[in-house]
Amino acid sequence: MTVPGTPRIHDTLVSRLKADVRAVPRLWPPSIRLASWLVLAAGVLAVAAGAGLRQDLGTQLHRPLYLFQVAVLFTAAGLAAAAALRAAVPGYGGERRRAALALALGLLATALLVGEPEARFLAPLIFLTTGVRCALCVAMFGLLPWAALFLAVGRAAPLDGRATGRYAGGAAFLLGAAAVRLACPIDEPTHLLASHVAPVLLWTSLSAVAGAEWLVRWRRAASQD
Amino acid sequence: MRAGDFDDASRRRARLMAGAQRGEAEAYGELLNEIGPMVMSFLRGRVREAEEVEDLYQEIFMAIHRARHSYDAARPVEPWLFAIARHIVADHAERRRARRAREVVVAVPPERAVESDAHLKPELEQALRRMSGEQRQAIALLRVEGLPVEAAARRAGTSPGALRVRAHRAYKVLRQLL
């Protein structure tokens with residue numbers, strides 16, 4: 001039977017797809033997957049607070065600017081994760097608004113970090129060694145949340161791999177920056193900018209490249225079936 | 001369109017899609033027959049060339065098939081479906097723009113095209129190796145021997161529709177690798 005208004009290929013295509021259809025496990029809704037990721041993210045922050053070098057964490061947590069910095073970074077990470085999970089489900093929508101909010105909060109966090117009153121400049125060698133250590137720690141604390149989120153979005157069907165990878169990277173490494181803010185004892189603004197904020201941009205860009213390469217593989221496979 | 005915006009037809013399609021996720025072939029076939037004219041009308045409004053419309057139609061159906069696990073049964077099918085279709089059409093337009101930017105228009109074709117194409121030989125061989133025997137045969141019958149689809153299908157011992165599907169997939173492999 002030919003369906004009116006369809007091309008000649010329709011019947012062959014439908015027969016083939018029908019023959020190939022199998023039961024598939026459904027994805028959990030993005031809100032549930034986001035909640036799971038946030039539990040993991042909170043765990044990462046707890047590890048950073050417990051294992052970090054900051055001896056005065058208790059005092060710092062009573063300082064509104066410090067507390068606000070960590071809270072804004074964590075919220076930005078959560079919004080970026082929500083954007084990534086929504087972007088991975090075709091037609092779900094709302095990812096751009098959440099990504100824009102995450103970006104705005106990321107900028108706010110940067111402004112708050114630059115606004116730290118610490119006036120002592122670090123000696124160049126210390127600036128460099130602590131800088132490299134913190135940049136790597138942003139990656140280290142972000143790695144597990146990134147892998148979890150990247151796998152979660154990869155299990156769905158992201159249409160724009162680069163954007164989805166960027167959102168996932170932003171989420172994970174903003175969280176990494178929040179964790180490093182809890183663990184790192186240095187409050188000097190230049191250090192915070194160069195070693196806590198800049199790595200977020202670097203790792204997020206790499207995540208976007210990985211997303212463009214890996215997250216759209218489900219479609220390439222589709223076109224070669 | 002959100003979960004609460006279902007009309008009867010939309011609710012029916014959502015049920016059929018949920019059936020497809022459970023592996024019910026009849027529900028899936030019914031759904032594809034129902035969305036076929038919708039996809040076609042979407043494509044006709046955006047793509048001029050008939051051959052491209054057919055290619056994109058196949059591509060959209062294949063993508064729907066691969067992405068069916070990502071559909072949320074609590075929501076209507078249409079936003080999910082048209083997000084896929086829109087992206088595939090935009091992607092196709094982007095690829096076409098990139099291809100056109102690489103093409104050079106010449107007034108007189110070169111006498112010996114073979115020399116300038118020599119660098120493509122390894123890629124072409126690689127692409128041919130990546131195809132199945134059936135896909136290679138489809139390319140040979142349609143492009144090398146230049147047979148019409150019906151005659152080529154008879155030679156290949158298959159239906160014209162099936163031969164077109166094989167050729168379409170072979171072109172995809174060529175496009176990606178060359």
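**View 1. W28(A) sits in the loop between helix 1 and helix 2 (30-51) of chain A.** This is a predicted model, so treat this close-up as a look at a prediction. Is W28(A) buried or exposed? W28(A) counts as exposed, because its relative accessibility is 54% and the cut-off for exposed is over 50%. Leaving aside residues up to four places away in sequence, W28(A) touches R33(A) and S36(A). Now look for A152(A): 124 residues separate W28(A) from A152(A) in sequence, yet the two C-alpha atoms are 10.0 Å apart in space.

**View 2. Here R8(A) and E54(B) join chain A to chain B through a salt bridge.** The side chains meet at 3.8 Å, going from N to O. How many salt bridges are there between chain A and chain B? The count is two. Polar contacts turn up here as well: nine residue pairs between chain A and chain B make one, with both partners at pLDDT 80 or more.

View 3. Between them, the two chains bury about 4100 Å². Carbon and sulfur atoms account for 61% of that area. As for scores, the model comes with an ipTM of 0.84 and a pTM of 0.78.

**View 4. Chain B is built with nine helices and zero strands.** Follow the sequence along and the pattern reads α-α-α-α-α-α-α-α-α. Chain B has 178 residues, and 44% of them count as buried. What about contacts between residues at least 6 apart in sequence? In chain B, 59% of those contacts join residues at least 24 apart.

**View 5. Confidence in chain B is highest in helix 2 (residues 25-44) and lowest in helix 5 (residues 113-117).** Helix 2 of chain B has a mean pLDDT of 94, whereas helix 5 of chain B has a mean of 51. Over chain B as a whole, the mean pLDDT is 82, and 84% of the residues reach 70 or more.

Conventions:
Residues are numbered from 1 along each chain as its sequence is written. Chains are lettered from A and ligands numbered from 1 in the order in which they are written. Side-chain values use heavy atoms; hydrogens and water are left out. pLDDT is the predictor's confidence in each residue, from 0 to 100. Helices (H or I, at least four residues) and strands (E, at least two) are DSSP runs, numbered from the N terminus. Buried area is the accessible area (1.4 Å probe) that two parts lose on being put together, summed over both. A salt bridge is a side-chain nitrogen of Lys or Arg within 4 Å of a carboxyl oxygen of Asp or Glu. A polar contact is a pair of N or O atoms within 3.5 Å; within protein, one must be able to donate a hydrogen and the other to accept it, and residues adjacent in sequence count only if both atoms are side-chain atoms. Buried means under 20% relative accessible area, exposed over 50%, partly exposed in between (1.4 Å probe, protein chains only). Contact means heavy atoms within 4.5 Å.
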